[in-house]
Every structure is written in C-alpha cells, then in structure tokens.
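Hello,

Here is the structure we talked about. Please open it next to this email and follow along.

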Amino acid sequence: MTDGLERLWTPHRMTYISGGDRPEGGYEKPAGCPFCRAPGLTPQESLVVARGAHVFAVLNLYPYNPGHLLVCPYRHVADYTDLDLAETTELAAFTQTAMRVVREVSNAHGFNLGMNQGGVAGAGIAAHLHQHVVPRWGGDANFMPVIGRTKVLPQLLTDTRDLLAKAWPSPT
C-alpha cells in the first residue's frame, strides 16, 4: 500500500540527528571541537570560506539554507562576553562581509543572524562561540522542513564554499 508521497532521501542528516559525528570526549575541549580543528584542514575538508586574524567564516555542515555560514573566533571560548575587543570587532566585520558576499553570489533577500549561547539556548556546540549567518529568500520556508523534516539544498557544500570563497574580498 502506498501513501502517494514522493521521498527525498537525506541520509547524511542521520549523522547529525544521531550525534554520530560527536567526538567521544564531547566538544568541551579544543581537541574534540570541529571549530578548533577546521582552520588546520584543507578548505575542501573544512569548508572554511575566509580567514581573518582573529576569526574565520565556515559553511555550516548541516545548513538551514544554502550559504549558511558560521563566523567563529579561532580561540576556543563559549561566551560572547569572553571575546576581546579585536575578536569582537573582526567577528562583526566578518558578519557584514558574509552578508555582502552571500547577497552577491546568491541574491539573498534577507538574513537571520544569531548566536545561541549555551546548550539550553539551542547551541549544538556550546563550547565554541559561533555566529550564524543564514540567508533567506521569499518562500524559502515550505512544507519540507515542517512536515518532511528535510531541507532541500540545491548545491553541494563544496560548490557553495568555492563560490563564496571566490567572491570574498581579499584583506587589505
């Protein structure tokens, strides 16, 4: 007996849902933190788009929308109040640049920006602060995430990373 529904399989999401990629010791220490490890990997492995002196921009491995970036300090700190002035300033500037680049590359209509401070506030990796830059388009929220618990992403993450990195301005 069929239910008349078409299926869009997203098996890569099971790793996130099950916590299968969570390190045994958790994210509390830099050795287990993907944001601490990312800058030492190749751009294709890490999905890092741009690097600054104090922060870097990386694609979210489990994006809400195509082009969903995270701006992270290199330093392993959990709370926004733990950033020093240079980190805070560069994090803000990278967030602005991320918005400009995503608009240029994909014509985003708007953005959701935010930080979830602590696990109770929804942070999946609470031990390492990260700012979400989520592009939005009119009509991008549809039945798929609500009913199907699936997000349709029309582009491979590595292709999105390459487009954004190419459009990111060089440091002056």
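Two strands count as paired if DSSP finds at least two bridges between them. Keep in mind that this is a predicted model.

Start with the strands. Strand β1 covers residues 48-51, and it pairs with β2 in the antiparallel sense over three bridges.

Strand β3 spans residues 69-73 and runs antiparallel to β2, joined to it by five bridges. Here Phe56 stands opposite Cys72 of β3.

Is β2 enclosed or open? Five of its five residues, 55-59, are buried, so the rest of the structure largely encloses this strand. Buried here means under 20% relative accessible area. In a regular strand, side chains alternate between the two faces of the sheet. In β2, both faces are covered. Val55, Ala57 and Leu59 are buried on one side. Phe56 and Val58 are buried on the other.

Next, find helix α6, residues 157-167. Which of its residues are buried? They are Thr160, Arg161, Leu164 and Ala167. Look down the axis of α6: these buried residues fall within an arc of 140°, so they line one face of the helix. An α-helix has 3.6 residues a turn, so residues three or four places apart point the same way.

What do the buried residues of α6 pack against? Their contacts are α3 (43-46), β1, β2, β3 and α4 (85-106).

Best wishes

Terms used
Residues numbered from 1 in each chain as written. Predicted model: local features only at pLDDT ≥ 70, side-chain atom pairs only at ≥ 80, totals over all residues. Heavy atoms only, no water. Buried < 20%, exposed > 50% of the residue type's maximum accessible area, 1.4 Å probe, protein only. Helix = DSSP H or I, 4+ residues; strand = E, 2+ residues; numbered from the N terminus. Arc of directions from axis to C-beta. Contact = heavy atoms within 4.5 Å.
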